[in-house]
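Opening the notebook on this one.

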Amino acid sequence: MTQPLLEVANLTVEFATDAGVIRAVDDVSFTVTAGETLALVGESGCGKTVTGLALMGLVPSPPGRVVSGSVRLQGKELTRLDEQALRDIRGSRMAMIFQEPMTALNPVFRIGSQMTDVIRRHQGLTRRQARQAAVEMLAKVGIPVPEKRIDEYPHQLSGGMRQRVMIAMALSCGPQLLIADEPTTALDVTTQAQVLELMTELQREFGMAMILITHDLGVVAQTCSQAIVMYSGRMVEQAPVQELFARARHPYTAGLLASIPRIRERQLQQLPVIEGMVPDPLHLPEGCRFAERCAKAKDYCLLAQPELKPIGKTASQVACYAPN
Amino acid sequence: MEVLLYSLRKVIAGIPLVLGVTLISFLLIVYFGPDKTYELVGKNPTAEQIAEVRSQLGYDQPFVTRYVRYLQEIVTLDFGNSESTDEKVSSILARTIPVSLLLAMPGFILGNGLGVALALVAAYFRGGFIDKLIMGSAAVGMSVSFLIAIIAFQILLSSSDGLNLFPVRGWDTSTPLAYIQHVTVPTLATVFVALGYNTRFYRAVIVEEMTRDHVRTARAFGVPPARIFYRNILKNSMVPIVTRVVFSIPLIIISGSLLLESYFGIPGIGKVTYDAIVTGDQPVLKAVVALTAILFVVAQLLTDICYRLVDPRVSLR
């Protein structure tokens with residue numbers, strides 16, 4: 001069996017706050033093989049963005065800290081690398097793009113300056129070569145008249161265009177892994193579809209793996225092969241996307257799927273919702289973190305946390321005592 | 001060309017401001033100000049003598065005429081002679097403004113330069129020991145009154161009780177060495193007092209810029225910290241920094257530093273202004289007030305043009 005591109009094992013990230021220590025990511029493990037698309041799904045605050053940042057070594061510290069766990073990129077342990085070595089990897093072998101295209105680019109420098117800065121740093125090209133490479137990348141992400149756009153400032157571009165620039169910048173050094181943190185959330189629906197399509201297309205062309213962080217299950221269905229569902233800092237389910245949509249094992253996943261607005265056979269009075277609230281990260285329950293909101297919760301669910309276990313001989317894993 | 005047209009528009013827009021300020025100050029210090037008549041007439045004056053003096057002083061003219069004459073004086077920069085020394089007001093200004101500038105500039109440059117530098121260091125080690133040390137010292141510096149700082153530095157550096165390195169009073173710019181000797185202690189006092197405020201202000205600005213999304217983006221693309229500090233943080237902090245710096249310039253040029261000038265016996269514009277207020281020397285006061293208003297309009301114009309230089313999102317329209 002070939003070595004996976006990325007191996008994450010028992011990753012735990014904590015944040016020190018005035019009120020106490022918050023465990024934002026708790027014992028998360030997964031692997032990404034080359035060229036694969038993995039979805040990291042969950043609601044706001046479930047730890048999916050922090051997981052992404054931790055992979056890049058970008059957890060803001062202080063107050064954040066990777067407490068334990070390992071992140072291996074092609075067998076190379078990243079959590080023990082120093083800043084200098086990490087900087088050489090960031091942007092060149094793994095890149096990350098963020099949710100807010102409106103603010104993610106530096107407003108006082110031209111697009112070209114920001115792109116060539118990254119390209120020259122990682123690929124050691126001359127100014128002119130880097131500019132040429134940047135123009136080519138901009139053309140690839142579908143920016144019209146790139147040789148002119150490259151000399152514009154971020155505020156002169158629309159949100160969708162800016163996200164395209166971010167993608168161009170992320171792909172400019174040919175990374176093996178792209179972490180995309182809600183790349184389309186801030187865009188309007190038609191632009192969303194275009195940007196997603198572009199990302200999958202380029203992913204295939206460049207043969208890179210992608211971790212797509214999102215709360216939008218529709219996006220997952222369109223683009224991903226594997227999905228991880230996170231709840232309150234923990235993984236509750238991992239499954240190939242088709243299986244996940246066909247049969248959600250964890251009650252939380254099932255609840256998420258049920259609450260997607262779509263065309264149904266009969267009209268509903270109200271969209272199904274998952275009752276209750278996410279537990280306070282400062283006072284986590286001893287048992288299953290979803291138990292309080294779970295319709296099927298039994299007494300033993302409140303006693304100890306269920307471990308993530310494979311289901312039979314399938315590729316799926318679920319952390320539930322009574323999976324569907 | 002764009003800048004030129006813009007400047008022209010701004011200058012025109014500044015005219016009402018100058019008119020407003022001069023009108024108010026004219027009302028307060030001239031129209032309702034001290035009446036010189038009875039200082040000038042002799043004992044037991046007759047009604048004719050009083051009327052004659054009043055007409056010499058121009059008091060019998062209608063309000064509008066007197067105000068328009070003031071405006072003429074502003075345009076021609078000819079404010080007449082000082083009532084207390086009979087020196088031409090324009091020559092008083094020409095003599096004292098350079099003194100105040102030379103006195104205040106070193107402290108101004110050092111205070112802001114060091115302020116930005118310390119703020120960068122504090123922001124970089126945000127929340128850590130160095131940050132707390134710098135911000136704690138800044139709070140101490142802010143809490144000390146300017147007066148106390150001046151006297152303390154005079155005793156420490158210029159008296160026989162202290163190191164006795166510098167002259168305690170006076171002003172001499174004939175040689176660079178003499179200038180340095182006379183400007184050092186006032187500069188130290190200014191920097192000591194201003195640095196706390198500046199550091200706190202600049203740190204707040206820089207910390208805000210440090211938490212921007214594009215800083216995180218740059219980190220995610222492997223840009224080293226020094227470059228992030230320059231390109232992402234400092235460059236984006238320039239708008240508030242420029243504002244603060246440019247708007248302090250009129251204050252230095254015109255009001256000078258009254259405390260510094262009186263405590264070090266330095267013949268600058270601050271001292272002249274203070275004396276003019278005390279003695280009711282209207283020609284000098286009128287000149288100072290008008291110049292201040294004009295300088296603020298110029299400062300505003302300068303900041304707007306500087307914004308355009310540091311931030312491409314600002315358009316000069």
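**Entry 1: Phe146(B)**

I started with Phe146(B), which is partly exposed because 16 other C-beta atoms lie within 10 Å. The cut-offs: buried means 20 or more other C-beta atoms within 10 Å of a residue's own, exposed means 12 or fewer, partly exposed is in between, and C-beta atoms are placed from the backbone. This is a predicted model, where local features need pLDDT of at least 70 and side-chain atom pairs count only at pLDDT 80 or more, while totals for chains, interfaces and linings use all residues. For bookkeeping, residues are numbered from 1 along each chain as its sequence is written, and chains are lettered from A and ligands numbered from 1 in the order in which they are written.

Phe146(B) belongs to helix α7 (residues 146-158) of chain B. Helices (H or I, at least four residues) and strands (E, at least two) are DSSP runs, numbered from the N terminus. I asked what Phe146(B) touches, not counting residues up to four places away in sequence. I found Val193(B) and Leu259(B). Contact here means that the C-beta atoms of two residues, placed from the backbone, lie within 7 Å. I also checked Thr199(B), which sits 53 residues from Phe146(B) in sequence and 17 Å away in space, C-alpha to C-alpha.

**Entry 2: chain B overall**

I counted 13 helices and 0 strands in chain B. Its C-alpha atoms fill a box of roughly 90 × 60 × 35 Å along the principal axes. Of its 317 residues, 30% count as buried. For contacts in chain B with a separation of 6 or more, I noted that 70% join residues 24 or more positions apart.

**Entry 3: helix pairs in chain B**

Two packed helices are described by the angle between their axes and the distance between the axes. The axes are lines fitted to C-alpha atoms, for helices over the stretch in contact, and angles run from 0 to 180 degrees between N-to-C directions.

I took α7(B) and α8(B) first: their axes come within 9 Å and cross at roughly 140°. That makes α7(B) oblique to α8(B). On the scale used, under 35 degrees is roughly parallel, over 145 roughly antiparallel, 65 to 115 roughly perpendicular and the rest oblique. The crossing of α7(B) and α8(B) is right-handed; that is, the near helix is turned clockwise from the far one by less than a right angle, with anticlockwise giving left-handed. Phe146(B) turns up again on the α7(B) side, among them Ile150(B) and Phe153(B) too, and α8(B) brings residues including Leu188(B) and Val193(B). Nonpolar covers Ala, Val, Leu, Ile, Met, Phe, Trp, Tyr, Cys and Pro, charged covers Asp, Glu, Lys and Arg, and the others, Gly among them, are polar.

Next came helix α6 (residues 129-143) of chain B against helix α8 (residues 176-210) of chain B, with axes within 7 Å and a crossing at roughly 130°. α6(B) is thus oblique to α8(B), and this crossing is left-handed. Val193(B) is also one of the α8(B) residues that meet α6(B).

Last, α1(B) (residues 2-31) and α4(B) (residues 63-76) pack at about 115°, axes 11 Å apart. That makes α1(B) roughly perpendicular to α4(B). Their contact has 8 nonpolar, 1 polar and no charged residues.

**Entry 4: cores and the A–B interface**

Which residues touch the most other members of the largest nonpolar core? Ala39(A), Ala227(A) and Ile228(A) do, out of 114 residues. A nonpolar core is a set of buried Ala, Val, Leu, Ile, Met, Phe, Trp, Tyr and Cys residues joined through C-beta atoms within 7 Å. Helix α6 (residues 159-171) of chain A gives the most to this core, with 8 residues. A second, separate core has 20 residues, including Ile150(B) and Leu188(B).

Ile211(A), in strand β8 (residues 209-214) of chain A, is buried, with 27 other C-beta atoms within 10 Å.

Finally, 26 residues of chain A contact 20 residues of chain B. On the chain A side, α3(A) gives the most, with 4 residues.
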